[in-house]
Amino acid sequence: RMHRVFTRLFFKTKEYEKAEYHSLSAYNACKVLWREDDSYKNQENFFKICEEFAFILIKQNRIKEARAYRMQAAYLRLLFYRQRRYCCHNCGKRFAEKNTFVPKYYQLTRRLINKILDKTEDVRSFTSISKELNISVSTVIRIFDSITYLSPDKLPEAVAIDEFKGNTGKEKYQVILTNPMTGEVLDILEDRKQGHLIKYLKQYDINNRSEVQFFVSDMWKPYHELAQSFFKNATYLVDKYHYVRQIIWAFERTRKRIQKRYGKEYRLMFKNSKRILTKRQSKLKPEQKERVDALLYVNDELRKAYYLKESFYAILDCQERHTAKEMMNDWLYMAQNSKLAEYYQCSNTLINWQKEILNTFEYPYSNGITEGCNNKIKVLKRNAYGYRNFRRFRNRILHIFSDRKRRNTEKLKEAA
């Protein structure tokens, strides 16, 4: 009997035919496929089949008709089945039998819908997904738009903030919030204007904001003002990459200013040696050290700038806060009296952010995870040639990084 049932399935492709036979259970086949025998007329026999799966029908119902129904399954062109409709003897109402593999008002199987949502977790465009699954782009977008990610109910113990260039909607920059402890992406904000950030943070009560222990950001002043206003109990940390970059920029400005004094041959020599001059001396190869020594021999100011750069790199190796503070104070004194305008300006910046910089030697949190998320977002935007709809862009980002939240939830359950 089941063999005759399965012979009523029609496939346009044959490679998944065998797999589809196994995926359709006998229960689904008995429910949604037209049977050649007349056993459906036997109500007792029919209820024996359906009671096991809690599919309850009115006992007085009779089969009125069977309609051919077409649906689309994953990696299949078309899948046909005949859906039976019932008519009630008492009220005359007609209704179709239910099935477990096609949602109501859909012509796509649940498996195909889940496949679409799984594919959108990768940094791929909707067009590439539609071509792989052989469906239209609008169908992929419509299925994806059916999911929505809400803002978190409460802020975690640590919050990291950064902006990225999304060019979505009417704004050039969007803001990303992450948890540096777990690596989860908390939310994506439409713009980085201070008024919008204040409005967003006000939705969390003061008790929740007072529970935030760490706040991580770059050296942008509006973030510092937000931390002072909304996270008064939090320890403010500046991302390591951003304050080290200030030293590299100061050295590069000094090198460019000095190399302009010399002829073309020397200018090219300084320019082509940019990478080895900014690299830590301890990581240079013997032949690279000889080349650096020859360049530093040419100019005293360049030699002084190189010494200041290497002295700051030594501070980064400190394991304790008080040791780093002593070495940084000595470095700031040397930079202030070096008679190098570039390092004088850099030292003033570090003085303004000294407390936040020293906190990084005491706590291990940084914006490294956030910068990695930004890089992945840029890949997504490049593959899709940009997003105009911010809501869709936000949902796509949160959907891509939703697996991190699932892994952390599973770890917590295992620990419990």
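Student: Is Glu211 buried, exposed or partly exposed?
Tutor: In this predicted model, Glu211 counts as partly exposed because its relative accessibility is 43%.
Student: Which side chain meets that of Glu211 in a salt bridge?
Tutor: The side chain of Lys154 does, at 3.7 Å from N to O. Lys154 is in the loop between helix H7 (137–145) and strand S5 (158–168), while Glu211 is in the loop between helix H9 (206–210) and strand S8 (214–217), so the pair links distant parts of the chain, 57 residues apart. Helices (H or I, at least four residues) and strands (E, at least two) are DSSP runs, numbered from the N terminus.
Student: What counts as a salt bridge?
Tutor: A side-chain nitrogen of Lys or Arg must lie within 4 Å of a carboxyl oxygen of Asp or Glu. The structure holds 16 of these salt bridges.
Student: What are the ground rules for the numbering and the atoms?
Tutor: Residues are numbered from 1 along each chain as its sequence is written, and side-chain values use heavy atoms, leaving out hydrogens and water. Local features need pLDDT of at least 70 and side-chain atom pairs count only at pLDDT 80 or more, whereas totals for chains, interfaces and linings use all residues.
Student: Which residue does Asp187 pair with?
Tutor: Asp187 forms a salt bridge with Arg394, at 2.9 Å from N to O. Asp187 lies in strand S7 and Arg394 in helix H20 (residues 390–400), so the pair ties together parts that are 207 residues apart in sequence. Asp187 and Arg394 are both buried.
Student: How many residues of S7 are buried?
Tutor: Six of its six residues are, and S7 (residues 184–189) is mostly covered. Strand S6 (residues 171–179) pairs with S7 in the antiparallel sense over five bridges; two strands pair if DSSP finds at least two bridges between them. Val175 stands opposite Leu189 in S7. Four residues separate S6 and S7 in their hairpin, and Gly183 in the turn has a positive phi of about 85 degrees.
Student: Turning to H15, where do Arg303 and Asp300 lie?
Tutor: Both lie in helix H15 (residues 300–315), three residues apart, about one turn of the helix. Arg303 is partly exposed, with a relative accessible area of 36%, and Asp300 is exposed at 53%.
Student: Which residues are linked in a network of salt bridges?
Tutor: Arg257, Arg261, Glu301 and Glu342 are linked in that way.

Key. Buried means under 20% relative accessible area, exposed over 50%, partly exposed in between (1.4 Å probe, protein chains only).
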